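Student: I would like to learn how to read a protein model, feature by feature. Could you take me through one slowly?

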Amino acid sequence: MSPTVVDVGQNGNSRHNNNESNASIFEIGDSDLCRLLERPRAVNIERKRSFDERSFSEMSITSPPRQFYRNNENSSRLFENYASVNSPGRSGVSTPRSFYCVETHPIVAEAWAALQQSIVHFRGQPVGTIAALDHSSEELNYDQVFVRDFVPSALAFLMNGEPEIVRNFLLKTVRLQSWEKKVDNFTLGAGVMPASFKVLHDPVRNNETIIADFGECAIGRVAPVDSGFWWIILLRAYTKSTGDTSLSELPEVQRGIRLIMTLCLSEGFDTFPTLLCADGCSMIDRRMGVYGYPIEIQALFFMALRCALLLLKQDDEGKDCADRIVKRLHALSFHMRSYFWLDVKQLNDIYRYKTEEYSHTAVNKFNVMPDSLDDWVFDFMPKRGGYFIGNVSPARMDFRWFCLGNCVAILSSLATPEQASAIMDLIESRWDELVGEMPLKICYPAMETHEWRIVTGCDPKNTSWSYHNGGSWPGKLD
């Protein structure tokens, strides 16, 4: 196999230097899947302006955000360059359209066949895919359609020219949003999207119904904070991939976007622009010490804000919501890049922090104790490289590496070009720890012994280097 030369653009995203490169919603070229089996090669960094290097005043609500992104050369491509895959038709049953080497690889054909088998239908229409196709063990809810789990499947369908299932899924979930949502006697916010839904077949009455889970059946009874973000991101991907704006402009869809934004942008007691979350509110849906302001939620929040800004119509309600989004984007990007970022310089600064500082000029703004720095952090941090740490809250910094949060930070331009490059440098420098023989570690390092008992509550699923506790998730390569 000949090596593939890759350039990394503004957001650290790869583009192939050939005539078949294709753009996407996140300015990512469709990578040759054969390269996933190889160790990454050296890349050249192309420096361009980051999201905040232009004035947020440019994002004037007097003109539609769609026009702004389309006309601004240096910032438009993040969301405007999604193109359908230029490839011939199907080569056979249950195989994706031919692009790059996938047609000749039996693993891809097998995966596509499994994806087709996992499709769920409701009244004759495909509405999603189940969480797991493995029936060897009867899991409680793996036969349901999860919002977050369907996103990679939806992107595969879009790239294969099958948008119908994605459209049906988006409509079905936004209609479920309007359902009354109760956990015991408490009613959840109107903007909460379901974590999952299940189609029930009644052979006696010959009808089908849908039941949705908004957290009342979930482990720990936690509402899915990330579901609404994934839904908005997927809606933008669908709109850009198909060119069909009629879906996003439907009144019920516009209302769904505004409800999610209203829920997330509501004023409270928070002094930070980040979202305060409970343990288990996202992909890591079990107790793992990610309560507070987890990087995964903040990165998805940032990306959803940018997508919503493009999707909202410019009526009175849409303009008001867009104004609030712009203000939040400005504050959130500054906060994340300033306080969540860790590299050698910042690590040395934290090590020398003074504590109990009380003034506006305090350097140690969160009163983090230098003694809380774990020894592994110094060994893990390369001289060239950096990453967004897992959590920042009063007197607490979670220095663990979380894969999804850092990757989404690159895709959404939450990371500056320099930070995106540093994240990729760190992955390359710590390849054995983060990728190893079975890619890709969801977080690093794993909690062990006493720490595992205290933080997870002796969770048998999240033992060291398993599941959410440093487990390998090949799906993260998507």
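**Reading the model step by step**

Tutor: Let us begin with the overall make-up: the protein chain contains 15 helices and 16 strands. Please keep in mind throughout that this is a predicted model.

Student: What share of the 478 residues in the protein chain is buried?

Tutor: Buried residues account for 53% of the 478 residues.

Student: Which residues have the most contacts inside the largest nonpolar core?

Tutor: The general idea is that in soluble globular proteins nonpolar side chains tend to be buried together. Here the largest nonpolar core has 118 residues, and those with the most contacts inside it are Trp231, Ile232, Ile257, Met261, Ile325 and Trp401. Helix 8 gives the most to this core, with 13 residues. To follow one member in detail, take Ile325, which, leaving aside its neighbours within four places in sequence, is in contact with Met261, Leu265, Leu305, Ala308, Leu309 and Leu312.

Student: Which helices do the buried residues of helix 7 pack against?

Tutor: Look first at the helix itself: helix 7 runs over residues 251-265, and its 15 residues reach 21 Å from the first C-alpha to the last, close to the 21 Å expected at 1.5 Å a residue. Its buried residues include Ile257, Leu259, Met261 and Leu265, and the buried residues of this helix pack against helix 5 (164-176), helix 6 (225-242), helix 8 (295-311) and helix 9 (316-340).

Student: How many aromatic pairs does a search of the whole structure find?

Tutor: A search of the whole structure finds 17 aromatic pairs. In general, a pair of aromatic rings is described by the distance of the centres and the angle of the planes. For Phe150 and Phe169 the ring centres are 4.4 Å apart and the planes are at 40°, so this pair is tilted. Because Phe150 lies in helix 4 (residues 147-159) and Phe169 in helix 5, the pair ties together parts that are 19 residues apart in sequence.

Student: Are Phe150 and Phe169 buried or exposed?

Tutor: Phe150 is buried, and Phe169 is buried too. Elsewhere, Trp376, Phe380, Tyr387, Trp401, Tyr444 and Trp465 form one aromatic cluster.

Definitions and conventions
Residues numbered from 1 in each chain as written. Predicted model: local features only at pLDDT ≥ 70, side-chain atom pairs only at ≥ 80, totals over all residues. Heavy atoms only, no water. Helix = DSSP H or I, 4+ residues; strand = E, 2+ residues; numbered from the N terminus. Expected span 1.5 Å × (residues − 1). Buried < 20%, exposed > 50% of the residue type's maximum accessible area, 1.4 Å probe, protein only. Contact = heavy atoms within 4.5 Å. Core = buried A, V, L, I, M, F, W, Y, C linked by side-chain atoms within 4.5 Å. Phe/Tyr/Trp six-rings, centres within 6.5 Å; stacked < 30°, edge-to-face > 60°.
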